[in-house]
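Good morning, colleagues. Please look at the sequence and the structure on the screen while I take you through a few of their features.

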There are 2 protein chains.
Amino acid sequence: MRNISRVADEPIITSLLDVDFYKFTMGQLIFLLHPNVPVRFTFKNRTKGVNLFEHVDLGELREQLEHVRTLSFNNSDLHYLRGTNEYGEQRMFREEYLQFLSKLKLPEFDLRVEGGDLALDFYGPWAEVTYWETISLSIKNELYYRSLMNKLSSFQRTVHYAEGRIRLFSKIQKILNRDNSLKPWEGRIVCSEFGTRRRFAKAWQDEVIEALAEEIPRDQLRGTSNAYFAQKYGLLPMGSNAHELPMAYSGIYYDADGEDYLYSQKKVLEDWENLYGLELSIALSDTFGSDYFFDRVFTQSQYETWKGSRQDSGDPIQYGEKRIENYIDHGVDPTKKMILFSDGLDIDKIIQIQRRFANRLVPTFGWGTDLTNDLGFDPLSLVVKVTKAAGHDVAKLSDNIEKAMGEPEAIERMKKLVGYKVAYSEACRY
Amino acid sequence: MRNISRVADEPIITSLLDVDFYKFTMGQLIFLLHPNVPVRFTFKNRTKGVNLFEHVDLGELREQLEHVRTLSFNNSDLHYLRGTNEYGEQRMFREEYLQFLSKLKLPEFDLRVEGGDLALDFYGPWAEVTYWETISLSIKNELYYRSLMNKLSSFQRTVHYAEGRIRLFSKIQKILNRDNSLKPWEGRIVCSEFGTRRRFAKAWQDEVIEALAEEIPRDQLRGTSNAYFAQKYGLLPMGSNAHELPMAYSGIYYDADGEDYLYSQKKVLEDWENLYGLELSIALSDTFGSDYFFDRVFTQSQYETWKGSRQDSGDPIQYGEKRIENYIDHGVDPTKKMILFSDGLDIDKIIQIQRRFANRLVPTFGWGTDLTNDLGFDPLSLVVKVTKAAGHDVAKLSDNIEKAMGEPEAIERMKKLVGYKVAYSEACRY
């Protein structure tokens, strides 16, 4: 009965499927089009006041990362990916990509202490490096929370799990609208679990997903972004693409004058649609600012045919209102377009957004940290982003400059190119 | 991780040590002095609005009870009892009693449906029947809560455990006075776990006691009334005597004119002190009303030498105030005398009583249902009491006539004998 609260020193990642599903959708595109582009992915701790080095043992982190390098996709993993048929009738993953995966070993990493805190980079060919992203985040997160838990008594740990369960229960009640906070005409919340990278622990995410799968009907719980848990619980694996595509593309198509920048961003969408058709046509718009994206990058045809977009920074209400305007300006009915909200959601924000946009667009929710890391500890804000591609520093601006990432010069360059107004924040330097 | 919430159809009682320790302290006295007195113990459900027969499967209850009849004390159980040295230097349990226990099989029971609800009686020689009390209560309680849990989803069950842990945590914080609700001069709460008979489940009691043992220092957690868990967690086994002694004695020394009644009550205390000295000299005073007990039964010498008394019905504040007066009237310093409060406590009542009587007497707390059955379900109020002894109906009045037990005639007779004022409540007929 009590083993739930043991905080064991055991491998965190035991399957290479234990990543966000978008690693595979993006991974196939990378493998097919840009496998050998040299990239650097950089870890960054955005959590104010938390020095990870004070909590996470360097040797243990190294062991955990090294353990991942011993893993490979087994036959069942490949069967699962091969069998993915949720996005269109044809097989989503090509045999040559699966062949590549079957031989993949994750490349080396560069772990060190720098400026008194942990620093971690991943270098190598893009097709191999990309998988480190969510894996390394899951590991760092879990080691950090293990360190907090290890300071507690066994019963205090048990109480944290209890607190997490109570909170989860309350959220599920609200998703099911048992509190009638949403009126019938405000529709039902449709969400997916997106919490792999920020999870408290793998075992806790497992319990959360099992509970969600048991309690929430499938027309409200669309799926999980985690391929391993999607497999385990027979849920839809959710995911399309992330900032690393537009970021890396801005390096690949780098032009000193910046003239090819717009081309690179349009190229992301074209390559994506060429590979997957419209099945995964959710545009992640905030890499260099969503206003720029919808004004300059997104075409009339994409306005008409793409399913929608993902909101991942800035104000979600403002984002939704602007997109409704954009669609109307382009002669497109916004009520048929999806917005996947995925930025720092909690249940009350979800309800607020649902209420605001029900019947005006199709809101869905990618629910992360608040689902998988809400046991009474403060969440960490850790990211791993591509910071160099094809020899060029690359950056991300986002709709909230506090979330900007990259070398200051790269950030400044991008801000100039897109006409981004807000000042660069020193705090955001990785 | 999830097996905690499974509600298995497995034996509830797996050790004959899994009873209240007072079964052994009383059991030895019964074995030595009145082993063959024929007795009837009767089960009674005092819970308003709950018909157990609607929840508990008769066949399963029978199986659980029959399973207990297959058990016997093993060598380690007897070692544990033989080794009990917490109450005085000499061995508490005589070898002849342990010999008796080593051969004991619990006697038959009479389980049936009567008036639409479960009825259960135990007949036989007192020395054997007595052990059924807490065992049968633990079984009925657990079967009832299993039936409630089985109506829930696995996650809903998990949430009940979570709720229980949160509540337990909060109580422990208060026991440790982390909320500073007790001023330094109001002393520290000293309590024992008394929840075996009303526990939600054996596994839950196990978790509760493990948590208590881990979190609360031994000078605040005196022990547990459960011999099995005292052994498991190295805690002090707590217990002295219960209503069955004065009740059965009132049958054994029955006299049609009632003249020997007072003798029988005095005899209980004498026999007890003769056997155990003053180590277990906690008088349970409410069997026929505490006022009567302290006015008529308790002697000047017992006022002076006995450690204290146990409050098990009526108003605890009133009880304490009256006892302080009694002690002063008898020229005894009440600040040296213990009152063990054990009636329907919760943490707020405990704090209130502690605050009221700190420095005025020695309050300690036998904490039951609120500790071992507080997961969000309503508690049951089930009792098993001796209702016939040596051929005579026997009754208990208690300091709250709602808790009276016995045939109406027996209750009326006792009320007349002790001059009990309150009217007999029909609702209390077993």
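**A residue in a loop, and what surrounds it**

I begin with B:Asn177, which counts as partly exposed because 18 C-beta neighbours fall inside 10 Å, whereas 20 or more would be needed for a buried residue. Please bear in mind throughout that this is a predicted model.

Where does B:Asn177 sit in chain B? Its place is the loop that runs between helix H7 (154–175) and strand E4 (191–193) of chain B. Beyond its neighbours within four places in sequence, B:Asn177 is in contact with B:Leu182 and B:Arg188. B:Ile189 is 12 residues away from B:Asn177 in sequence, and the two C-alpha atoms are 8.4 Å apart in space.

Strand E4 leads us to the sheet. In chain B, seven strands form an open sheet with parallel pairing, in the order E6-E5-E4-E10-E9-E8-E7. Its edge strands are strand E6 (236–237) and strand E7 (282–284) of chain B, each of which pairs on one side only. Within the sheet of chain B, strand E8 (residues 308–311) and strand E9 (residues 338–341) pair in the parallel sense over four bridges. B:Gln311 stands opposite B:Phe341 in E9(B).

I turn next to the nonpolar core. The largest one has 224 residues, and those with the most contacts inside it are A:Trp132, A:Ala248, B:Trp132 and B:Ala248. In soluble globular proteins, nonpolar side chains tend to be buried together. Which residues does B:Trp132 contact, leaving aside its neighbours within four places in sequence? They are B:Phe41, B:Leu106, B:Phe109, B:Phe122 and B:Val384.

Finally, I come to the two chains together. The contact takes 20 residues from chain B and 20 residues from chain A. On the side of chain B that touches chain A, H7 and helix H8 (202–215) of chain B each supply at least two residues. H7(B) gives the most to that side, with nine residues. By class, the side of chain B that touches chain A has nine nonpolar, three polar and eight charged residues.

The same surface serves both copies, since 100% of the contact residues of chain B recur in chain A.

Conventions. Residues are numbered from 1 along each chain as its sequence is written. Chains are lettered from A and ligands numbered from 1 in the order in which they are written. This is a predicted model: local features need pLDDT of at least 70, side-chain atom pairs count only at pLDDT 80 or more; totals for chains, interfaces and linings use all residues. A nonpolar core is a set of buried Ala, Val, Leu, Ile, Met, Phe, Trp, Tyr and Cys residues joined through C-beta atoms within 7 Å. A residue is buried if 20 or more other C-beta atoms lie within 10 Å of its own, exposed if 12 or fewer, and partly exposed in between; C-beta atoms are placed from the backbone. Two residues are in contact if their C-beta atoms, placed from the backbone, lie within 7 Å. Two strands pair if DSSP finds at least two bridges between them. Ala, Val, Leu, Ile, Met, Phe, Trp, Tyr, Cys and Pro count as nonpolar, Asp, Glu, Lys and Arg as charged, and the others, Gly among them, as polar.
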